[in-house]
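Please look over the sequence and the model shown below before reading on.

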Amino acid sequence: MSQHDKFMQRCLDIASNGLGTTYPNPLVGSVIVGENGDILGEGFHYKSGQPHAEVNAIKDAEQRGWNDSAFAKATLYVNLEPCSHHGKTPPCADLIVRKGFNKVVVGTLDPHKKVAGRGVQLLRDSNIEVITDVLVEECNQLNKRFFTYHKNHRPFIVLKWAQTADGFIAPVKRDKREPVWITNKYSRQLVHKLRAQEQSILVGTNTLVADNPSLTVRDWSGINPTRIVLDAKGNLDVHSNIYNKEAPTINIDPSNGFENIIKSLYEHQLQSVIIEGGRKTLDLFIENDCWDEIHQFMGAKIYFKEGISAPIIPKNAIMKSRQLIKDDVYKIFSRS
């Protein structure tokens, strides 16, 4: 591994600490490396409106006793192009120039229309050497939600369901208006972790009526996702758990067409969404070939014998990972 790869990987590692808290901002980490290869300071972006990664890295270095003379001989690493516009915080590119850096290594360019190469150009116009495209694939993967939203004008879409060993996601009948658990408590905790990482979660009317879900993060530490309900009739029970005050809830009318659902999610500035609906809702996204990942949980010792069949994994899906969670099997698929 080259030195650039090594320190860019460190940027990625610390940037991931902001997963679930930075929306609508991307995940960014920054590392300042001295002329002898020692880390002078590092930092990551935690929340929108708070200092960006480069600012935190510079502050960390200064608290360790380093100053502008050291920065002139150092290299600043950052996994995403420094911003060059005024938002909730000042431009990071301006700060890098003022602090006297002569070399900056950038993982990948920022697709946001307010940046899109302008940050790198500002640095170069200030006679700073800028190296780009370091661990590009890894940098793009870390910010897959941010990139999908700004490049494709839609959220990053995760399909998630749990199924029995014989391939059902729900029984034929149920006695209570509550979820029927297929997986163990450890898998359910992991699902709550996934919810904390994504900005929103979507279900259909049938799931809401049958399960009365809360769709919150209860078994993990994090922010509750915005809840989305596909509701064509507009007469759902307002006393359902999904309408409590634990998180915002948005109703979208699916009768206006699938494209309108995607447009509405984009207009609500949702960069990612987990589809936790039933078979009908999941198939809606599969049939329109509009998904990015599939997270399939299987309760290997649970059998229904009959019920609502699980969705069929699309032909253009490839399995990225397979994990045993005690008696459960957890698979992640991505597009081929």
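What follows is a walk through the domains, the interface between them and a few individual residues.

This is a predicted model, and its chain is divided into domain 1, covering residues 3-148, and domain 2, covering residues 153-335. The centres of the two domains, taken over C-alpha atoms, are separated by 35 Å, and the contact between them draws on 10 residues from domain 1 and 14 residues from domain 2.

Together, domain 1 and domain 2 bury about 1000 Å² between them, and 49% of this area is on carbon and sulfur atoms. On the side of domain 1, a supply of 55% of the area buried against domain 2 comes from Y23, R145 and T148, which is more than any other three residues give.

In a salt bridge with an N to O distance of 2.7 Å, the side chain of K144 meets that of E293. Five residue pairs are found in polar contact across the interface of domain 1 and domain 2, with both residues of each pair at pLDDT 80 or more. Helix α7, which spans residues 144-152, gives the most to the side of domain 1 that touches domain 2, contributing four residues, and the residues of that side divide into four nonpolar, four polar and two charged.

P24 itself has its place in the loop between α1 (3-15) and β1 (29-33).

Leaving aside residues up to four places away in sequence, T164 touches I182, M298, G299, I302, Y303 and F304.

Two further residues have a positive phi without being glycine: for L215 the angle is about 60°, and for K305 it is near 70°. L215 lies in the loop between α9 (205-211) and β9 (226-230), and it counts as buried because its relative accessibility is 3%. K305 lies in the loop between β12 (293-299) and β13 (308-309), and K305 counts as exposed because its relative accessibility is 76%, where exposed means over 50%.

Conventions: Residues numbered from 1 in each chain as written. Heavy atoms only, no water. Domains from an automatic or database assignment. Contact = heavy atoms within 4.5 Å. Buried area = accessible area lost by both parts, 1.4 Å probe. Salt bridge = Lys/Arg side-chain N within 4 Å of Asp/Glu carboxyl O. Polar contact = N/O pair within 3.5 Å; in protein donor to acceptor, adjacent residues only side chain to side chain. Helix = DSSP H or I, 4+ residues; strand = E, 2+ residues; numbered from the N terminus. Nonpolar A, V, L, I, M, F, W, Y, C, P; charged D, E, K, R; others polar. Buried < 20%, exposed > 50% of the residue type's maximum accessible area, 1.4 Å probe, protein only.
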